[in-house]
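Let's take a walk through this model, starting with its aromatic rings and ending at its surface.

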Amino acid sequence: MNLQRLASYISLSLPVIFILGLALVIHANPWFSFTGNALSDMGSIRNPVNYYFNGFLMAFAAIAFIAAAGAFRNGLSYIMPLAMVFLFLVGVFPEEYAPHAPAAVLFYVLALADIAIIGLKLGRNGISAGHAWSVLAVLTFALMLYLVKARVFKGLAIPELVGAATILAWFVYIGLLQLRGFKL
């Protein structure tokens, strides 16, 4: 199997890896609340099992980097590999350390910006769903901001998962495009 095909299969598998990994981490942290915590609370230095969350995040980012690099090679990404580097750093630096928050914000901003930009590029190249992806990326970012600023939930986990859902769906989409041999 060549690297491009591997990157495509990884793209398709990312939602399953994320869901299973997050389920394992939450199982190890029964106190966690989707509405009352941020996901990163499970990686806090005050949490005796923080290595579950931080290790999972770093492993997931490394795997997703392969998918992002494959998309980059096919013209289906500009900055997603860099977004995955910032996601990795979120696991390296628990929430109590200064680099954590900027790394988390940059992960979401870069990933959603990449989806918006590539969506426009796909739309200009005759892929009708491209423009819809651009709109979805912008709406996702706006919804995340609204949920945080309006304090709809006490914690950040729901806004974080809204962003993660769009990013994971995007990986599935570009994985399918690449399996069909699509390149920009």
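## A ring in the interior

Before going on, a word on the ground rules. This is a predicted model, where local features need pLDDT of at least 70 and side-chain atom pairs count only at pLDDT 80 or more, while totals for chains, interfaces and linings use all residues. Residues are numbered from 1 along each chain as its sequence is written, and side-chain values use heavy atoms, leaving out hydrogens and water.

## Aromatic pairs

How many aromatic pairs does a search of the whole structure find? There are 10. Rings of Phe, Tyr and Trp (its six-membered ring) pair if their centres lie within 6.5 Å; planes under 30 degrees apart count as stacked, over 60 as edge-to-face and the rest as tilted.

Take Phe 18 and Phe 56: their ring centres are 6.2 Å apart and their planes sit at 45°, so the pair is tilted. Phe 18 lies in helix α1 (residues 3-28) and Phe 56 in helix α2 (residues 50-73), so this pair ties together parts that are 38 residues apart in sequence. Helices here are DSSP runs (H or I, at least four residues), numbered from the N terminus. Ring pairs also bring in Phe 60, giving a cluster of Phe 18, Phe 56 and Phe 60.

Another pair is Trp 31 with Phe 32. Their centres are 6.4 Å apart with planes at 70°, so this one is edge-to-face. Phe 32 is buried at 9%, whereas Trp 31 is partly exposed at 42%.

## One salt bridge

The whole structure has one salt bridge, meaning a side-chain nitrogen of Lys or Arg within 4 Å of a carboxyl oxygen of Asp or Glu. Glu 96 and Arg 46 make it, at 3.6 Å from N to O. Glu 96 sits in the loop between α3 (80-92) and α4, and Arg 46 in the loop between α1 and α2, so the bridge ties together parts 50 residues apart in sequence. Arg 46 is exposed at 67%, while Glu 96 is partly exposed at 28%.

## A nonpolar patch

On the surface, Val 105, Val 109, Phe 141 and Leu 145 form a nonpolar patch with about 310 Å² of accessible area together. Helices α4 (100-124) and α5 (129-149) each supply at least two of its residues. Val 109, in helix α4, is partly exposed at 32%.

Patches are made of residues with over 30% relative accessible area and no salt bridge; like charges are joined within 9 Å, and nonpolar side chains (Val, Leu, Ile, Met, Phe, Trp, Tyr) within 5 Å. Accessible areas come from the Shrake-Rupley method with a 1.4 Å probe, and for residues only the protein chains shown count as cover.

Terms used. Buried means under 20% relative accessible area, exposed over 50%, partly exposed in between (1.4 Å probe, protein chains only).
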